[in-house]
Structure formats: C-alpha cells, structure tokens
Amino acid sequence: MLFRSRVGLLDGLRESALESGSAGRFIQWRFPQPRLQHRFEDEWGIIARSDFDWEHLRVIGFADGRGKYRDDPSRDRIERAQEHRLRPHGTVARWGWADMAGDGYGLFRILAPLLGVQPPFPPRMQRLRAA
C-alpha cells in the first residue's frame, strides 16, 4: 500500500541518491514541493542548474554529495562565484550527506527557516530542535 501511494512521487529528474533522499525528507516534513533541475541564467550566460528550487519563495537548493568535487581544489571559489551570481534569483542553500545523517534534522535546520516551515510535532524532533 505504501509503495502504491509513493509511485506518483517518482521523478526521473533527480540525479543522485542524495537528491532522492532529500525529496523523501521534503515529503516527510511537508515542505512545499520544489521545481527540479532548473537552469538559472544571467546576462553572462548559464549560472547553474539547481537540484531543487522553490521559485515562489526564492530559495535555490543544491544537494552536494561532494563526490563530484573531491579532486577539485577550486571548488570553494567556484561555489562562491556561483552564489554571488545567483543572489538576484534567491537565497542559496547547500547540504550534503552529513546533513541527511540519522533523522536528517540537519537538512531540516537548513531549509525550514527559508521555506517558512514550522518544526513537526513528533517529540523526538522537538527535543532535537531545542538542543
């Protein structure tokens, strides 16, 4: 039964296990559903293709597993330049596997304030929030 209720949520646009896991957390926490793989441009050309974005809230999300950057020492400089060019389009949020660890509350802490979502009611999540 659970499988059938989730089939409609499958989307081939997600490009990694981290993006799929993040999407599952969005559903769990009742986050607004984002647009996937949106290309952002400015007068100089393509800035980036986001993993997720919430256009109406002006939040741009990147699920960065860091594996693709492992051998790139210029990663931080490139991300800073990218975020500077994305500012007119919204606030950039980045998360990785460490934020998804355990109950994934690290991801919740990153995105919930930007998306205007209140903490869920389960007592365990409330205790984590207070910590």
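Leucine 36 stands opposite phenylalanine 52, a residue of strand β4. Strand β4 (residues 52-54) pairs with β1 in the antiparallel sense over 2 bridges; two strands count as paired if DSSP finds at least two bridges between them. Helices (H or I, at least four residues) and strands (E, at least two) are DSSP runs, numbered from the N terminus. The model is predicted, so local features need pLDDT of at least 70 and side-chain atom pairs count only at pLDDT 80 or more, while totals for chains, interfaces and linings use all residues. Residues are numbered from 1 along each chain as its sequence is written, and side-chain values use heavy atoms, with hydrogens and water left out.

The strands β1 and β4 belong to an open sheet of 4 strands, in the order β1-β4-β5-β6 and with mixed pairing. At its edges are β1 (35-36) and β6 (91-95), each of which pairs on one side only. Helix α2 (residues 17-28) packs on this sheet and touches β4, β5 (59-63) and β6, where contact means heavy atoms within 4.5 Å. The direction of helix α2 makes about 35° with that of β4. Axes here are lines fitted to C-alpha atoms, for helices over the stretch in contact, and angles run from 0 to 180 degrees between N-to-C directions. Helix α3 (residues 75-86) lies across β5 and β6, and runs at about 145° to β6.

Stepping back to the whole chain, there are 6 helices and 6 strands. From the N terminus on, the elements follow the order α-α-β-β-β-β-β-α-β-α-α-α. Of the 131 residues, 37% count as buried; buried means under 20% relative accessible area, exposed over 50%, and partly exposed in between (1.4 Å probe, protein chains only). Among contacts between residues at least 6 apart in sequence, 51% join residues at least 24 apart.

Charged side chains come next. Side chains of opposite charge can pair when their charged atoms come close. A salt bridge is a side-chain nitrogen of Lys or Arg within 4 Å of a carboxyl oxygen of Asp or Glu, and a search of the whole structure finds 7 salt bridges. One of them joins the side chains of arginine 35 and aspartate 53, at 2.8 Å from N to O. This pair links distant parts of the chain, with arginine 35 in strand β1 and aspartate 53 in strand β4, 18 residues apart. Arginine 35 is partly exposed, at a relative accessible area of 28%, whereas aspartate 53 is buried, at 3%.

Another salt bridge is formed by aspartate 42 and arginine 85, whose closest N and O atoms are 2.7 Å apart. Here too distant parts of the chain are linked: aspartate 42 is in strand β2 (residues 39-42) and arginine 85 in helix α3, 43 residues apart. Arginine 85 counts as partly exposed, at 26% relative accessibility.

Arginine 94 takes part in a salt bridge with glutamate 83, the closest N and O atoms being 2.7 Å apart. This pair connects strand β6, which holds arginine 94, to helix α3, which holds glutamate 83, the two being 11 residues apart. Arginine 94 is buried, with a relative accessible area of 15%, and glutamate 83 is partly exposed, with 25%. Both residues belong to a network of salt bridges that links Asp64, Glu79, Glu83 and Arg94. The charged end of arginine 94 also sits over the ring of phenylalanine 62, 4.5 Å from its centre. For this, NZ of Lys or CZ of Arg must be within 6 Å of the ring centre and within 35 degrees of the ring normal.

Rings of Phe, Tyr and Trp (its six-membered ring) pair if their centres lie within 6.5 Å; planes under 30 degrees apart count as stacked, over 60 as edge-to-face and the rest as tilted. By this rule the count comes to 10 aromatic pairs. The rings of tyrosine 105 and phenylalanine 108 have centres 5.1 Å apart and planes at 15°, so this pair is stacked. The two residues are 3 apart in helix α5 (residues 105-115), separated by about one helical turn, and both are buried. Ring pairs link Phe26, Trp29, Phe31, Phe52, Trp54, Trp95, Tyr105 and Phe108 into a cluster.

Two loop residues complete the picture. Arginine 30, in the loop between α2 and β1, has a positive phi of about 60° although it is not a glycine. Arginine 30 is exposed, with a relative accessible area of 72%.  Glutamine 37, in the loop between β1 and β2, has a positive phi of about 50° and is not a glycine either. Glutamine 37 is buried, at 12%.
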